[in-house]
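This report walks through a two-chain model. Please keep the sequence and the 3D view open while reading.

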Amino acid sequence: MNPNLPSALDFEHGADVVTPAAASRRDFLKRVGGGLVIFVALRDWAAAQEVVQEAARPMTVQRSLPTDFNAFLRIGEDGRVTCFTGKIEMGQGPITSLPQMVAEELEVPLESVDIVMGDTDLCPFDMGTWGSLTTRGFGPAMRTAAAEAKAVLLQLGSESLKIPVSQAVAQDGFVVDRLNGGHRISYGQLTKGRTIERHLSVKPALKDAAQFKIAGKPVLRRDARDKVTGKAQYTADLRLPGMLYAKILRPPAHGARLKEVDTAPAKAVAGVQVYQDGDFVAVLHEMPDAAEQALGKVIAEFDAPPATVDDTTIFDHLMRVATAPKIAAQGGDLAQGKSQAVRSFDSSYLNSYVAHSPIETHAALAKIEGGRATVWASTQNPFGAREEIAKAIGFPIENVRVITPFVGGGFGGKAFNLQAVEAARLAKATGRPVQVMWSREEEFFNDTFRPAAVVKISSGIDAAGRMTFWDYEVLYAGDRGAAHFYTIPNHRTAAVGNFNSSAGVHPFGVGAWRAPGNNTNTFARESQIDMMAAAARIDPVEFRLKHLTDPRMIRVVKAAAELFAWTPAVSPSRRGYGVACGNDAGSYVATIAEVAVDTEKGTVHVKRVVCAQEMGVVINPEGAKMQMEGCITMGLGYALTEEVHFKGGAVLDTNYDTYALPRFSWLPKIETVILEANDIPPQGGGEPAIIVMGAVVANAIYDATGARLFQLPMTPDRVRAALKATGSAVA
Amino acid sequence: MPETISFTLNHKPVRLTVDPDRTLLWVLRTDLGLTGTKYGCGESHCGSCTVLVDQRAMRSCSLTVKDVRDKDVVTIEGLASDGHLHPLQEAFMAHDALQCGFCTPGMILTAFSLLRSNPQPTRDQIIRGMEDNFCRCGAHTRIIDAIQAAAASMKGVR
């Protein structure tokens, strides 16, 4: 992906790095060589700013996009096109979809487009890769740069061909005379020998989806070959001469302080170096396994604060510490709505802490030379990592370069970069390149979990089965996905806190987890809706449609029902069918699931999942479907098993023996459909389909058994308890 | 104490002077420079570190280097021959059977071992055979499809 990775054969790269990042266009041009370079200013784009604000939320400091020197595209003398993006590739596919957009707008073969990702010296500033923002947020800038480049090339080409620009067309990397196809000149020839710097002053017209020849068509992943042959390099696969591997001493619990430490037995091991700065103790060696063994010889005593909360008492704790809620939406008069209701429903929905658990643990490799730090890191946030590193080692930000190799999964967990800070500190201390790769236990311990959260809902229906009021309060999941989209005359939606860490709330770090907040909110909302449909004795699909006005939501619900071949029935129909819908990242999704419940064991088998999604213009349909399938499969984990066990700041799950990820045998039959919506700009695709998974399974369990689950994950114990409470263990 | 240990690695003989109790995974990734074999959990749960030992899928995080003395070890880097990808590699590409790709080497080598013992597995047999390999991105459905396609294209021939 990124040509700037060291390998066994290319140790020297990075040593000759010139002036850093924000520095200047001149330096950038010097670094990338000659050719046509396009800069894009996003200043005029209100919409882009809006998504950028949303993107900024997981960061500690909110920043807006710089208004100059933003997106780049370079057309080299050899005719190859290079696009530069601060986004990173962690499996979600921009390594394929961004070049598709460029090739489409620029009229070049997809094969001629290279991409440099996540390099803070070469790529325009970026907030981070999350929020399903690459296609909808960065995509327009990239497409615009390509469209502008094409306009410039048409101008240059018509001059060279001595024809009016209106007679010139762009085709397959050539400017061609419309009246004489043989009369043409390649992009490479046009840029040859000249450095041409152009700035975008007017927003050029982008192609309509109907004109797409490359974008909008399924394309195989461009990184597939390297990934099936073992060539693809992730951070921990990189080697530098003289490098050391570091293993770091971890406390037994968050909040524990180092009381005493004896590192002498570790130091006695040949080749070991020990570094200590306060509580930060690291053991380094030329071999990672030797460093790990030596760390085991360090004798340390910690003072741990008393554990006041654990995975069973956390919800009471959250309700106790909850501050005043902020109103996210309201309308009508709740008291009036309550008086109109013939039946009311008061529920609390709980969900436990969930780990990100990418299979690649956090890794970083840091090198410091001549007052400059270069850090390769598995991160979703290279520019954020640069800030964290610069601060930790006391370097000016322009003397830190972060380079992002392939990332082995992130899901929000690689937004923070402690491992990169650790590697940089140790490289500075030892004067040698240092690699840090967390063990699975460290990955669980240092994860910024999806927060445990509570949603309280009070709602009611009238005699005709119409919702009359909706009073909704979410604690500590955030308000993404909290606002309902049903016709309810009297309603209030409020949120306490967000999904980010706040003092005194969580015993360890929490943060964004794939569609942050929305999984929790959609589970609660769609469960409550289902409960009311059942009480009103109305089919749950019909009940939803009866209360929907947004044509996009209606469309996905109907499409899912059609694909599933849904036949109306009042729940519990004993068929084990559940439905749920929602929106996230600008996209709409409706899902229907079929489950089988073993009422003796309390186990749930999800047999079939049908998902309809509308996401505006689709750039890579196959990639988008892969994201939907991934969301569905990953979502089964938080729905059924995934839950972090802890006592105070001690994380009790250390590996996959107690923390169960979805496996092959869990796989339902998955059917996905993406609804065409070419009049709507591209929307997010990495997260939407996961938000419904808790609710759709809960609703299907209810339909199968009559038992309502109020807590995620829906473990066998909880399913059995719900069945017992319902008194309806049905064979 | 270091010992000299010989084995076949990706069809070539190797001789290493090494502490025989070192973990095979780390010896492959460091001394031998083969980083296609990944660390995922270190306790044999996830399958990212899978290699072939005498053609059978084994977890290199739970083997020592002396365990493979005189044996035939194949890592993902050794699966293609003469520049031709193995049918499983082709099928994983054609079916988009990966996302982040971190679990992919382990998936392919586990599937290789499965097809060796059962050249025409049913879908259920593939699921059982792959059960202990984890993919966090959720590429499972396409991985099964890829293995089925590879089995068909191999027609029972390895």
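## Chain A overview

In chain A, 77% of the contacts between residues at least 6 apart in sequence join residues at least 24 apart. Two residues are in contact if their C-beta atoms, placed from the backbone, lie within 7 Å. This is a predicted model: local features need pLDDT of at least 70, side-chain atom pairs count only at pLDDT 80 or more, and totals for chains, interfaces and linings use all residues. Residues are numbered from 1 along each chain as its sequence is written, while chains are lettered from A and ligands numbered from 1 in the order in which they are written.

Chain A holds 19 helices and 29 strands. Helices (H or I, at least four residues) and strands (E, at least two) are DSSP runs, numbered from the N terminus. Of the 731 residues in chain A, 56% are buried. A residue is buried if 20 or more other C-beta atoms lie within 10 Å of its own, exposed if 12 or fewer, and partly exposed in between, with C-beta atoms placed from the backbone.

## Domains of chain A

Chain A splits into domain 1 (25–228), domain 2 (235–304 + 362–437) and domain 3 (314–354 + 449–726). The bounds come from an automatic or database domain assignment. Domain 1 of chain A puts 17 residues into its contact with domain 2 of chain A, which also gives 17 residues. The domain 1 side consists of 7 nonpolar, 6 polar and 4 charged residues. Ala, Val, Leu, Ile, Met, Phe, Trp, Tyr, Cys and Pro count as nonpolar, Asp, Glu, Lys and Arg as charged, and the others, Gly among them, as polar.

## Where the chains meet

The contact between the chains takes 47 residues of chain A and 42 residues of chain B. On the chain A side, α6 (224–229), α8 (288–295) and α17 (621–640) each supply at least two residues. Helix α17(A) has the largest share, 8 residues. By class, this side of chain A has 23 nonpolar, 12 polar and 12 charged residues.

## A residue in α17(A)

A:A639 sits in helix α17 of chain A. It counts as buried because it has 28 C-beta neighbours inside 10 Å. Leaving out residues up to four places away in sequence, A:A639 touches A:M693, A:G694, A:V697, A:L712, A:P713 and A:M714. A:L548 is 91 residues from A:A639 along the chain, and their C-alpha atoms are separated by 26 Å.

## Chain B: two domains

The assignment for chain B gives domain 1 (3–78) and domain 2 (87–154). Their C-alpha centres lie 21 Å apart. The contact uses 14 residues from domain 1 of chain B and 13 residues from domain 2 of chain B. On the domain 1 side, β3 (50–53) and β4 (56–59) of chain B are the elements that give two or more residues. Strand β3(B) gives the most, with 3 residues. That side divides into 6 nonpolar, 6 polar and 2 charged residues.

## The sheet in chain B

Five strands of chain B form an open sheet with mixed pairing, in the order β2-β1-β5-β3-β4. Two strands pair if DSSP finds at least two bridges between them. β2 (12–18) and β4 of chain B stand at the edges with a single partner strand each, so one side of each has no neighbour in the sheet. The twist averages 40° from one strand to the next.

Strands β3(B) and β5(B) (residues 72–74) run antiparallel, joined by 2 bridges. B:V53 stands opposite B:V73 in β5(B). Helix α3 (residues 104–117) of chain B lies across β3 and β4 of chain B, at about 35° to β3(B). Axes are lines fitted to C-alpha atoms, for helices over the stretch in contact, and angles run from 0 to 180 degrees between N-to-C directions.
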